[in-house]
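Here are a few exercises on aromatic rings and their surroundings. Have a go at each one before you read the solution.

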Amino acid sequence: MGMSYMVGYGAKYPKKLHHRASSLPSVAAHPGKIGCSQGFTGLYSGAANPNVHVGAVVGGPNQNDQFPDQRSDYEHSEPATYINAPLVGALAYLAHSSGQL
């Protein structure tokens with residue numbers, strides 16, 4: 001698909017993560033309180049997330065090698081520690097072994 005599954009990396013990356021903080025407006029744009037039930041407005045919006053969750057790695061493509069980039073498809077569009085941790089671990093090892101850490 002010619003895309004990165006790491007948010008903010010490359011020209012084409014996921015823009016509609018299933019992530020509450022990423023899909024809600026920032027405090028600067030919306031200084032008022034956003035209640036739990038009010039968060040669904042951002043969740044169901046078709047627009048790209050207002051907060052780019054740079055560095056997050058999403059689940060990736062589905063069984064048909066497609067990535068629809070929809071918040072409702074949480075299995076593929078949600079960043080999670082079990083997805084990010086192995087990548088961070090591998091990068092930390094490489095940085096350490098090359099003397100950068």
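**Exercise 1.** Work out how exposed Tyr-5 is.

Solution. Tyr-5 has a relative accessible area of 22%. Buried means under 20%, exposed over 50%, and partly exposed in between (1.4 Å probe, protein chains only). Tyr-5 is therefore partly exposed. Keep in mind that this is a predicted model, where local features need pLDDT of at least 70, side-chain atom pairs count only at pLDDT 80 or more, and totals for chains, interfaces and linings use all residues. Residues are numbered from 1 along each chain as its sequence is written, and side-chain values use heavy atoms, with hydrogens and water left out.

**Exercise 2.** Find the aromatic pairs and classify them.

Solution. Rings of Phe, Tyr and Trp (its six-membered ring) pair if their centres lie within 6.5 Å; planes under 30 degrees apart are stacked, over 60 edge-to-face, the rest tilted. Searching the whole structure gives 2 aromatic pairs.

- Take Tyr-5 and Phe-67: centres 5.5 Å apart and planes at 70°, so this pair is edge-to-face. Phe-67 is buried, at 7% relative accessible area.
- Now Phe-40 and Tyr-44: centres 5.9 Å apart and planes at 15°, so they're stacked. Phe-40 is partly exposed at 40%, while Tyr-44 is exposed at 63%.

**Exercise 3.** Which ring does the charged end of Lys-15 sit over?

Solution. The test is NZ of Lys or CZ of Arg within 6 Å of the ring centre and within 35 degrees of the ring normal. The charged end of Lys-15 sits over Tyr-13, 3.8 Å from the centre of its ring.
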